[in-house]
Amino acid sequence: MLPPRSLTTWRRYLLSAAAVAAVTAALTWLAPGMREANVGLFYLLAVLIAATTLGLGPALLAAGLAVLAFNFFFVPPLHTLFVANPQDVLELLTFFATAIIASGLEGRARAQADMAEHRAAELAALYELSQTISTEIDLDTILPAVARTTARLLGVPACAILLYDAAGRLAERAVAGSEPQAAFRRQDVFLRAGQRVLGVLRITHLSPRVALSSAQQELVETIAAQLVLLLERARLVEESSRTRALVESDRMKSTLLSSVSHDLRTPLAVIKGAATNLLDESVAWDPATQRELLCAVNDETDRLNRLVGNLLEMTRIESGAPGATRDWHDIGELIGGALDRLRSQLAGRALTLDLPNGLPLVHVNYTQIDQVLTNLLENVAKYTPAGTPVTIAARAGAGELEVEVRDAGPGIPEGMAERIFEKFVRAAGPEQPAAGSGLGLAICKGVVEAHGGRIWAERAPSGGARFAFTLPLGAPPAPSGASAPTPEADKAPARQGALA
């Protein structure tokens, strides 16, 4: 069937007249002499078809034309509108009344079907909108969908959603369609939550004289009510997130104080004790003992300095401060510098270096990567038994340099491989108490990722823990007058060694 909305009005009336003409031609030329009752049935069929496919108005036109054609071509005297037999007049009036009633009933059924179809489309659009609203909490995603759905359901050229900001100004948050160039009319529906007005749902009509019907007004009120619920939910979610952030901030502060206070107290107690002993004039300290006390003060001062440095670095990472200046460095020099500085903490351990010759330079900040290596090696000193071996290796892969620190300690507890890179998490086994502030690995993760690399932890195949991180490789600028390195130089044999 051809729905009436797909044709203009004059075309529907033209098709109605053409249908009556076609039935008349067929009955006159193909079936002359047919009984009047059968002729009336064919005309009635044409009227019903017009009512079904073209609407009530064209059906009424078809009924009137059918009566005239029936009288002119099939009621004696033929080819005139005069009716000689009074019974024929009654038949024509009966036929006309039947056609009018049938077309009216059919037109009403068609209108109800159209209304049901329209309501089904509205319900489908509202259901789709409710699904979008229920699954999304981002207003920048939901509000444009609401505006598009409103404009489509109302058949208007434009729809906009305007909300009040913190300063009390009405700002446009979403718009669908475009305002016509000709005269138009705007209709605002206020979005009220109790006594508060959250914003406006603005509808643009094609003409100043066009207004919403009662059904459309009810639809707009329904959408506005859903929009108010959406805005209130977004506000509650935002407040809930803010509350959770405050709670998390308080928890982090408490954890930081409880964790750092112990780590600060220990070196301060050692420094205070050593300094008090040295200042005690009643005791004559021999040079060896004095040196031992001074070394303790020096070591604990370095430890305290590293702890404060970790706190400052963690603050810098979380604040998103710009990265420090980077340059091209040899990873072997970085590893050697960290080992020299931690020689006292790693004393008595067999240190194995696996650094192939010809490792490429990496574009890093020296201090930050040195801090990563220092934190990983300090982790080994804290969480592995004294005297256990440590292996440090580096190798170049496809576009990245991988560095690993491997120990022979108790390894990483089950399920902690990911969590140990979180702040204040310390992965101590049941047989060993947790040590440190739990910031070292979190800083390593932040620094490595800021350099474009990745870091992870896993159990070593031979036992113990394996910490590895990667740094992206690039092409360092060639020194002035120097030739580029050859592939053979990069394939030089690896060097291995052990340091006591």
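1. Beyond its neighbours within four places in sequence, His451 is in contact (heavy atoms within 4.5 Å) with Arg326, His363, Val364, Asn365, Gln368, Ile369, Leu471 and Pro472. This is a predicted model, in which local features need pLDDT of at least 70 and side-chain atom pairs count only at pLDDT 80 or more, whereas totals for chains, interfaces and linings use all residues. Residues are numbered from 1 along each chain as its sequence is written, and side-chain values use heavy atoms, with hydrogens and water left out.

2. His451 is located in the loop between α10 (440–450) and β10 (455–459). Helices (H or I, at least four residues) and strands (E, at least two) are DSSP runs numbered from the N terminus. His451 counts as buried because its relative accessibility is 5%; buried means under 20% relative accessible area, exposed over 50%, and partly exposed in between (1.4 Å probe, protein chains only). The His451 side chain reaches the backbone nitrogen of Asn365 at 3.2 Å. A polar contact is a pair of N or O atoms within 3.5 Å; within protein, one must be able to donate a hydrogen and the other to accept it, and residues adjacent in sequence count only if both atoms are side-chain atoms.

3. Helix α9 covers residues 366–383, and its 18 residues should span 26 Å at 1.5 Å a residue, which agrees with the 26 Å between its end C-alpha atoms. The expected span is 1.5 Å times one less than the number of residues. Of the 18 residues of α9, 14 are buried, so the helix is largely enclosed by the rest of the structure.

4. Four strands form an open sheet in the order β2-β1-β4-β3, with antiparallel pairing. Its edge strands, β2 (170–177) and β3 (185–193), each pair on one side only, and the twist from one strand to the next averages 20°. Two strands pair if DSSP finds at least two bridges between them. Seven bridges link β1 (residues 158–164) and β2 in the antiparallel sense, with Ala160 opposite Val175 in β2. Helix α5 (residues 139–154) lies across β1, β2 and β4 (196–205), at about 55° to β2; axes are lines fitted to C-alpha atoms, for helices over the stretch in contact, and angles run from 0 to 180 degrees between N-to-C directions.

5. Strand β8 (residues 390–396) is mostly covered, with five of its seven residues buried. Strand β6 (residues 351–356) runs parallel to β8 and is joined to it by four bridges; Leu351 has Val390 in β8 as its bridge partner. Strand β9 (residues 400–407) is antiparallel to β8, with seven bridges, and Ala393 stands opposite Glu404 in β9. Three residues separate the strands in the hairpin of β8 and β9, where Gly399 takes a positive phi near 80°.

6. The chain contains eleven helices and twelve strands, and 36% of its 500 residues are buried. Among contacts in the chain with a separation of 6 or more, 67% are between residues 24 or more positions apart.

7. The chain averages a pLDDT (the predictor's confidence in each residue, from 0 to 100) of 77, and 76% of the residues score at least 70. Over residues 1–5, pLDDT stays under 50, and the model has 13 contacts beyond four places in sequence for them. For residues 430–434, where pLDDT also stays under 50, there are seven such contacts beyond four places in sequence. Where pLDDT is low, the predicted coordinates should not be read in detail.
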